Amino acid sequence: MMTSVETDLIRVLADPLRLQIVNLLSHETLCTTHLVEETGARQTNLSNHLRVLREAGVVETEPCGRYTYYKLRPDVIARLADQFADLAESARTAADNKRACS
């Protein structure tokens with residue numbers, strides 16, 4: 001069963017721009033400037049989405065001079081993937097279980 005943490009994480013990743021950011025960060029560590037260029041989003045909008053991702057624990061920051069780099073936390077994504085794998089396995093098993101109607 002998914003916990004409220006996993007449910008919250010799914011909501012965070014349900015936003016198309018945040019999912020695009022996560023996809024980009026799965027390939028390399030990027031600064032805000034790179035993410036603006038790659039997504040076409042306005043800097044303020046992007047910063048708000050990055051804050052949500054950071055607060056959810058999906059990304060972490062790395063200051064580098066006047067820039068802030070963002071990198072994906074693969075452990076968080078892996079935990080969510082494990083939860084979905086468990087859900088899929090449960091669904092396979094449940095296919096043989098049918099509750100009788102009364």
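Author: Apart from its neighbours within four places in sequence, His49 is in contact (heavy atoms within 4.5 Å) with Asp15, Leu17, Arg18 and Ile21. The model is a predicted one, in which local features need pLDDT of at least 70 and side-chain atom pairs count only at pLDDT 80 or more, while totals for chains, interfaces and linings use all residues. Residues are numbered from 1 along each chain as its sequence is written, and side-chain values use heavy atoms, with hydrogens and water left out.

The side chains of His49 and Arg18 are joined by a polar contact of 3.0 Å; such a contact is a pair of N or O atoms within 3.5 Å, where, within protein, one must be able to donate a hydrogen and the other to accept it, and residues adjacent in sequence count only if both atoms are side-chain atoms. His49 has a relative accessibility of 10% and therefore counts as buried, a class defined as under 20% relative accessible area with a 1.4 Å probe and protein chains only.

His49 belongs to helix α4; helices (H or I, at least four residues) and strands (E, at least two) are DSSP runs, numbered from the N terminus. Helix α4, residues 43-55, lies across β2 and β3 and runs at about 115 degrees to β2. Axes are lines fitted to C-alpha atoms, for helices over the stretch in contact, and angles run from 0 to 180 degrees between N-to-C directions.

Glu62 stands opposite Tyr69 in β3.

Definitions and conventions
Pairing = 2+ DSSP bridges. Buried < 20%, exposed > 50% of the residue type's maximum accessible area, 1.4 Å probe, protein only.
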